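Please consult the sequence and the model shown here while reading.

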Amino acid sequence: MTQNGSIERSAATAVQAPTPEGPPVRLLHICAGNLYGGVEAMLMTFVSAEGAEPLLSHEFCVCFEGRFSENLTKAGLRPHHLGETRLSRPWTVLRARRRLRRFLLVSGPYDFVVCHSAWTMAVFGRSLHATNAGELIFWLHGAPDGKQWLERLARKVRPALAICNSRFTGELLPHLYPNLRPAIVYCPVAPPESVVSRRDCRAAIGTEPAVPVILLLARMEDRKGHRYLVEALSRVQHLEWECWIVGGPQRPSEFAYLRALRTRVDGLGLNGRVRFLGERTDVGDLLHASDILCHPHITPEPFGIAIVEAMSSGLIVVASNIGGPREVLTKESGLLVCPADAAGLASAIENVLDLPEEQRSRMAKAARERASELCAPTTAVTQLNDVLRLRRSLTAVPHQKVQPFWACLAKDLLAHIPVQRRRDGRRSRTVQYLRTVALSAGFHLTLLYRAAHALRDHFGAFGRALAFLLYWVTRHWYGCTISPKARLGGGLILPHPQGIVIGPDVTVGDRAWIYQNVTLGGGNHSGMPTIGDDARIYTGAVVAGGVRLGDRVSIGANSVVTFDVPDGARVRQPEPVMRLDRTHE
């Protein structure tokens with residue numbers, strides 16, 4: 001029993017737990033590709049972690065060619081290029097969307113299409129919804145506040161599923177998508193491999209073998225806390241150490257930040273002890289040649305891949321006590337300090353440098369175990385596979401290419417012919433078809449919707465104008481509000497076309513029967529319903545929000561459905577309780 005109705009289901013229709021059997025889950029990742037950071041490193045780890053029989057099949061679309069595209073090509077996954085895309089140049093956005101639609105028509109459908117940033121969601125979200133090439137997933141890697149203009153644009157398109165890289169980012173998801181429950185999948189981090197020995201790596205940089213090395217591995221951004229580390233190191237100049245700052249500038253603002261940082265290092269007299277190594281591809285060698293990883297970020301770090309890499313290499317980590325690192329580090333495996341506190345950071349570094357060798361070894365062992373527990377690549381692949389297969393098992397309507405107008409209309413016309421009459425002679429069937437076309441008000445309404453839907457999707461601005469005109473006709477002639485943006489499968493039957501409301505982005509499978517005064521829709525942030533094949537939705541029923549109804553469901557009259565319904569289930573309004581008033585007897 002539920003608050004608004006009850007579900008009846010048989011044992012055969014119960015949702016089964018996902019299993020690794022069956023074909024791999026097809027994933028299409030949409031990425032900008034102009035930068036190479038933690039997100040790109042994570043995706044490369046997912047790709048390399050798949051074995052001979054992969055659970056997941058990854059494909060990529062990128063807008064910019066660069067290091068990420070090169071690495072994908074080396075791994076045997078040549079990405080599809082959409083062309084350089086900048087929101088400041090709207091024609092490049094339109095071109096990229098057009099290329100993406102063409103690519104999806106040829107290569108789709110996919111089980112899921114994944115956007116990895118607010119930028120890709122803002123640029124391609126609506127196009128992905130319109131093409132229906134796969135369930136849309138938003139993978140949150142940052143710490144949103146919902147106030148930035150890109151986040152506001154991304155919020156206009158609601159995904160079917162959100163994946164977050166930590167519980168911390170999961171708590172921030174409501175800033176973008178309220179009432180959307182996230183799935184938590186920690187980033188896969190493979191233990192970095194070392195090609196050269198610790199001594200040779202240090203010798204190449206010019207560092208003595210016995211000198212403790214403090215490593216900062218991050219992009220050249222102020223929020224990563226470089227300047228606080230420099231200030232902290234100026235307070236421990238009496239100790240023996242060297243600092244390697246790894247990471248090169250990629251944007252004009254980052255070049256200016258690097259110049260200011262170098263000037264500050266020179267001003268504090270740390271030149272020669274603080275080395276700027278720039279962007280490196282031998283990160284594994286640098287980690288094995290270091291002793292301490294310092295990660296003094298001043299804004300919440302969503303996760304901290306560099307921290308997990310350092311833990312896998314046995315380094316002692318000193319990080320700011322905000323964001324994702326609070327989940328990763330334990331008191332046995334590292335130290336947490338207050339952000340933007342140079343004095344506290346200096347004290348923590350001094351404490352680590354003074355640790356006896358035995359205690360350092362214990363902390364290094366605990367760090368390796370913690371990193372393997374959270375972020376082993378095989379564990380992350382299994383987590384993601386379980387999340388996606390469970391979602392796919394609950395998916396009522398497989399995402400397919402948009403059906404042509406005439407194919408859908410032919411199914412609609414055939415559905416109006418009784419099954420027992422479909423085997424009659426050609427003349428009898430023709431009479432039935434003509435009678436439906438001439439006399440069926442439900443078929444007329446379906447025809448108007450199909451025309452509006454096709455015009456809107458295929459004929460640009462002029463088609464959208466005509467679609468709005470047809471929408472106005474259906475609303476004022478039949479009293480029905482069926483959005484041209486709704487996706488209704490073929491074989492649709494509207495027995496009594498009055499008072500029906502179907503919102504934009506509602507998806508209904510083939511051979512559905514929808515009776516009068518039915519409402520299918522939702523709010524701006526609650527999502528829209530997805531309904532499977534052979535559904536029966538009776539008079540006055542309401543299906544609201546981003547719920548999923550399976551195949552062969554039956555929604556009883558006046559029922560209100562705000563929950564997922566599995567295949568073959570029936571939802572009905574609870575029978576009213578009759579009370580007899582005997583006070584007048």
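With a relative accessibility of 36%, arginine 98 counts as partly exposed; the class lies between buried, under 20% relative accessible area, and exposed, over 50% (1.4 Å probe, protein chains only). The model is predicted, so local features need pLDDT of at least 70 and side-chain atom pairs count only at pLDDT 80 or more, while totals for chains, interfaces and linings use all residues. Residues are numbered from 1 along each chain as its sequence is written, and side-chain values use heavy atoms, with hydrogens and water left out.

Arginine 98 belongs to helix α3. Arginine 391, by contrast, is buried, at 15% relative accessible area, and lies in helix α15. Helices are DSSP runs of H or I with at least four residues, and strands are runs of E with at least two.

| Residue | Helix | Helix residues |
|---|---|---|
| Arginine 98 | α3 | residues 90-107 |
| Arginine 391 | α15 | residues 377-394 |

Between arginine 391 and phenylalanine 112 there are 279 residues of sequence separation, yet their C-alpha atoms are 9.8 Å apart.

An open sheet is built from four strands in the order β16-β18-β21-β24, with parallel pairing. Strands β16 (487-488) and β24 (548-549) are at the edges, each with a single partner strand, so one side of each has no neighbour in the sheet. Two strands pair if DSSP finds at least two bridges between them. Strands β18 (residues 507-508) and β21 (residues 530-531) run parallel and are joined by two bridges. Valine 508 has isoleucine 531 in β21 as its bridge partner.
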